[in-house]
Amino acid sequence: MQVATTALAAACTLGSSLAADFPRRRSGLWEVHSASAQALGLPPTLQCIGDRSDSAKWHLDRAVGKRGSCTLGAFRRMGNAWVADSICREGRTVVSSRKIATGDFLTYYRIDTIVRYEPPLGGSRDEDKEALEARYIGRCAPGQRPGDVVVPGMGTLNMTDGTFRGERRDSAAARR
């Protein structure tokens, strides 16, 4: 009986550590630059990360599982990187994407995304690439909640509960 109990406890511990094996960012405020947004001259977003922001359900603000016509895969360790694959169907086109996350997740991380279209979109576009880089900048600002993503000029979207708080007019006017 003792051996069976010990084996069961070990299996549960192993199973829970495997289920929780995904990248976790340091709690606090992160500045996130998207390569395409930066190319357009757009400012970075600010993300407030809390102890439970990166969880078994949410990996780097990405909910794992079935979402409409998409299946979002969990991040898994591959060498020094974390990799997540997704597949979506848009009409006749199958859209597959691969995210590769690298960094220490305490001070910096980068996510490179490759999206492939089969058959190609519009008959000619078969691939897109995107990159984002994030750096830790300190504690979250007063009033920010874990999961908040501040998009300059628009407002704040909370990635965990889906609430949106528009930017106040007086704060937008003060920046101009």
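## Overall architecture

The protein contains 3 helices and 14 strands, where helices (H or I, at least four residues) and strands (E, at least two) are DSSP runs numbered from the N terminus. This is a predicted model, in which local features need pLDDT of at least 70 and side-chain atom pairs count only at pLDDT 80 or more, while totals for chains, interfaces and linings use all residues. Residues are numbered from 1 along each chain as its sequence is written, and side-chain values use heavy atoms, with hydrogens and water left out.

Of the 176 residues in the protein, 30% are buried; buried means under 20% relative accessible area, exposed means over 50%, and partly exposed lies in between (1.4 Å probe, protein chains only). The accessible surface comes to about 11100 Å², and carbon and sulfur atoms contribute 58% of that area. Such areas come from the Shrake-Rupley method with a 1.4 Å probe, and for residues only the protein chains shown count as cover. Among contacts in the protein with a separation of 6 or more, 40% are between residues 24 or more positions apart, a contact being heavy atoms within 4.5 Å.

## Nonpolar cores

In soluble globular proteins, nonpolar side chains tend to be buried together. A nonpolar core is here a set of buried Ala, Val, Leu, Ile, Met, Phe, Trp, Tyr and Cys residues joined through side-chain atoms within 4.5 Å. The largest nonpolar core has 13 residues, of which W30, L60, F75, A101, F105 and Y109 touch the most other members. At least two residues of this core come from each of β1 (28-34), β8 (81-90), β10 (108-121) and β11 (125-138). A second, separate core has 5 residues, including C88, V95, V115 and Y117.

F105 is a member of the largest core. Apart from neighbours within four places in sequence, F105 contacts P23, R24, R25, R26, W30, L60 and W82.

Strand β9 (residues 93-103) pairs with β10 in the antiparallel sense over 10 bridges; two strands pair if DSSP finds at least two bridges between them. T102 has R110 of β10 as its bridge partner. The hairpin of β9 and β10 has 4 residues between the strands, and F105 takes a positive phi near 60° there.

β10 and β11 also run antiparallel and are joined by 10 bridges. The bridge partner of V115 is D128 in β11. In this hairpin there are 3 residues between the strands, and G122 takes a positive phi near 60°.

## Salt bridges

A salt bridge is a side-chain nitrogen of Lys or Arg within 4 Å of a carboxyl oxygen of Asp or Glu, and by this rule the count comes to 12. R110 takes part in a salt bridge with D112, whose closest N and O atoms are 2.8 Å apart. R110 also forms a salt bridge with E133 (2.8 Å, N to O). The E133 pair links distant parts of the chain, with E133 in strand β11 and R110 in strand β10, 23 residues apart.

In the salt bridge between D148 and R165, the closest N and O atoms are 2.6 Å apart. D148 lies in strand β12 (residues 148-151) and R165 in strand β14 (residues 164-166), so this pair ties together parts that are 17 residues apart in sequence. D148 is buried, with a relative accessible area of 0%, whereas R165 is partly exposed at 33%. Salt bridges that share partners join R145, D148, D161 and R165 into one network.

M154, L157 and F164 form a nonpolar patch on the surface, with about 310 Å² of accessible area together. Patches are made of residues with over 30% relative accessible area and no salt bridge; like charges are joined within 9 Å, and nonpolar side chains (Val, Leu, Ile, Met, Phe, Trp, Tyr) within 5 Å. L157 is located in strand β13 (residues 155-158) and is partly exposed, with a relative accessible area of 34%.

E167 occupies the loop between β14 and α3 (169-175). E167 is partly exposed, with a relative accessible area of 25%. E167 and G153 are 14 residues apart in sequence, and their C-alpha atoms are 6.7 Å apart in space.
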